[in-house]
Amino acid sequence: MTKPQIIIPDNTGFHNSSDYTKRLEKEKTYRDLSTIIVCPTRGMIPARIVQSWQGMIRPMNQKVMGPIFMEGMEVGEAYNQVIKMILENEELSKFKFILTLEEDNAPPPDGLMKLYESIDDYDAVGGLYWTKGEGGQPMCYGDPKAVPLNFIPQIPLPESLTPCNGLGMGFTLFRMEMLKDKRFEYGSWFKTKQEVAANGAVQVYTQDLWFFQKAREFGYKFACDARVRVGHYDASNQVMW
C-alpha cells in the first residue's frame, strides 16, 4: 500500500533534473561510434568464448558490424587482408572504429562500452588480458616516457588507464583514421617477423607489436584500460587465464 501523501505535480523527470551532460559525455552514445569487429580464427571457437561475445553490450542506435572472420590465415596477414577489404569498400571505410577480437578472448559484457569511454585521448585502447600460464604477463607494453622506445611489460594501474607503447589485439579498439595514414606500408600494417638482421641481431616481432612500434614512431598514442578485464582461454586445459 502506498504511503498517504499530498501530490504536488513535478513531472520534470529523473534525467531532466539530473546533470545529464556528464553522463552523456562519459557514455559517448551521441557520437558516431560505428564499429567493425574483426576476428582471425582457425575455424573452431570454444562455446565459452562465443557465450561471452553474445553477452557483449553494443551501443544503441549505432552501426556495429561483425564479427567478420578471417579463417585459416596467418594472423598478421589476416588483419592486413581484412583492413584492406574495409578501406577499399565505400561504405565500410566510413566507419569510425575497428575492434579486434580474438578467438580465445572473453571480454566482459560492458567491455566495448568502456573502451568507447576511454579512447578520447588515444588512437587505440585495449582491455587488460594476460599471456597464458602461471607466469602470465599483462598485455600492456612499454612506458611512453622511456627512451629509447621499448616494449617492456608494464604493471597496469588498477581500475584505470595506463598509457603504453603497445597492446595485444585480443580485445582492442582502433581508430579507423589511424589505419588510413599513408606513412604505413599499405596492405602491410601487421607483420609477424622472425629473422636475423645483417648485424647479427635477432629480430622477433608478433604482428601486434610490429604495428604498434611503427605507429608510435608516427606519434600515435595507446593505453590499456584495466577496468576491462578480459579472460584469455586455454581451451585444451579449460582454464581461463
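The lining of the largest pocket divides into six nonpolar, six polar and five charged residues, where Ala, Val, Leu, Ile, Met, Phe, Trp, Tyr, Cys and Pro count as nonpolar, Asp, Glu, Lys and Arg as charged, and the others, Gly among them, as polar. The model is predicted: local features need pLDDT of at least 70 and side-chain atom pairs pLDDT 80 or more, while totals for chains, interfaces and linings use all residues. Residues are numbered from 1 along each chain as its sequence is written, and side-chain values use heavy atoms, without hydrogens and water.

Of the 17 lining residues, Pro40, Val75, Glu102, Glu103 and Gln207 lie nearest the pocket centre. Two elements, β1 (35-41) and α7, each give two or more residues to this lining. A pocket here is an open set of points on a 1 Å grid over the protein atoms alone, where a 1.4 Å probe fits, with protein on both sides within 12 Å along at least five of seven lines; lining residues have an atom within 4 Å of a point.

Helix α7 has eight buried residues out of 11, buried meaning under 20% relative accessible area (1.4 Å probe, protein chains only). Among them are Gln207, Trp210 and Arg216. Helices (H or I, at least four residues) and strands (E, at least two) are DSSP runs, numbered from the N terminus. Just after α7, glycine 219 has a positive phi of about 95°.

An open three-stranded sheet has the order β4-β13-β14 with antiparallel pairing; strands pair if DSSP finds at least two bridges between them.

| Strand | Residues |
|---|---|
| β4 | 105-106 |
| β13 | 231-234 |
| β14 | 239-240 |

Alanine 106 has glycine 231 of β13 as its bridge partner.

Terms used
Buried < 20%, exposed > 50% of the residue type's maximum accessible area, 1.4 Å probe, protein only.
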